[in-house]
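Here's a quick tour for anyone meeting this structure for the first time. Take a look at the model, then read on.

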Amino acid sequence: MDKSWLNIKNRADRAYIRGVDGFLEWAYTQLGVNDMIRCPCKRCMNTEFKVHYRVREDLLKKGFL
Ligand SMILES: [Zn+2]
């Protein structure tokens, strides 16, 4: 998986958003959209379980850990 988007500081950058979506698609491959994963954003730091769209929101607002 291409992880170069993790270095993008501007979270409104299309490449960053594409990266987040790609990550989520991969993370939820084995799950349904109503299942939860640990949120890897800077605030939750892999401690909180959240559904797909919540994790996306966090990653776009707070950034990847
Ligand atoms: Zn989070």
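What follows is a short briefing, from the whole chain down to single residues.

Keep in mind that this is a predicted model. The protein chain has two helices and two strands, and they come along the sequence in the pattern α-β-β-α. With a radius of gyration of 11 Å, close to the 11 Å from the globule rule for 65 residues, the chain is as compact as a globular protein of that length.

**The overall picture**

- Laid out along its principal axes, the C-alpha trace of the protein chain covers about 30 × 20 × 15 Å.
- Of the 65 residues in the chain, 31% are buried.

**Surface and charge**

- The protein chain exposes about 4600 Å², and carbon and sulfur atoms supply 51% of that area.
- On the charge side, there are 13 positive and 8 negative charges, and their mean positions lie 6 Å apart.

- Start with Asp 2, which belongs to the segment before H1.
- Asp 2 has a relative accessible area of 53%, so it counts as exposed, the cut-off being over 50%.
- Asp 2 and Gly 19 are 17 residues apart along the chain, and their C-alpha atoms are separated by 8.1 Å.
- Asp 13 is also in the segment before helix H1, which runs over 14–27.
- Asp 13 is partly exposed, because its relative accessibility is 28% and that class lies between the 20% and 50% cut-offs.
- What does the side chain of Asp 13 reach? It gets to the backbone nitrogen of Ala 15, at 2.8 Å.

**The loop between the strands**

- Met 45 sits in the loop that joins strand S1 (36–38) to strand S2 (49–51), and Asn 46 is in the loop between S1 and S2 too.
- Here's some background: most residues other than glycine have a negative phi.
- Met 45 has a positive phi, near 45°, though it isn't a glycine.
- Asn 46 is another non-glycine residue with a positive phi, this time near 65°.
- How accessible is Met 45 in relative terms? The value is 48%, so Met 45 counts as partly exposed.
- Asn 46 comes in at 34% relative accessibility, so it is partly exposed as well.

- Asp 58 is part of helix H2, which takes in residues 52–61.
- Is Asp 58 buried or exposed? Its relative accessible area is 4%, and the cut-off for buried is under 20%, so Asp 58 is buried.
- Which residues does Asp 58 contact, leaving aside neighbours within four places in sequence? They are Cys 39, Cys 41, Arg 43, Cys 44, Lys 50 and Gly 63.
- Among those partners, Lys 50 falls within the range of strand S2 (49–51).

**To recap**

- The chain runs α-β-β-α, with Asp 2 exposed ahead of H1 and Asp 58 buried in H2.
- Met 45 and Asn 46, in the loop between S1 and S2, both have positive phi values.

How values were computed
Residues numbered from 1 in each chain as written. Predicted model: local features only at pLDDT ≥ 70, side-chain atom pairs only at ≥ 80, totals over all residues. Heavy atoms only, no water. Helix = DSSP H or I, 4+ residues; strand = E, 2+ residues; numbered from the N terminus. Rg over C-alpha atoms; globule rule 2.2 N^0.38 Å. Buried < 20%, exposed > 50% of the residue type's maximum accessible area, 1.4 Å probe, protein only. Areas by Shrake-Rupley, 256 points an atom, 1.4 Å probe, with all protein chains shown as cover. Lys, Arg positive; Asp, Glu negative; His and termini not counted. Charge placed at Lys NZ, Arg CZ, Asp CG, Glu CD. Polar contact = N/O pair within 3.5 Å; in protein donor to acceptor, adjacent residues only side chain to side chain. Contact = heavy atoms within 4.5 Å.
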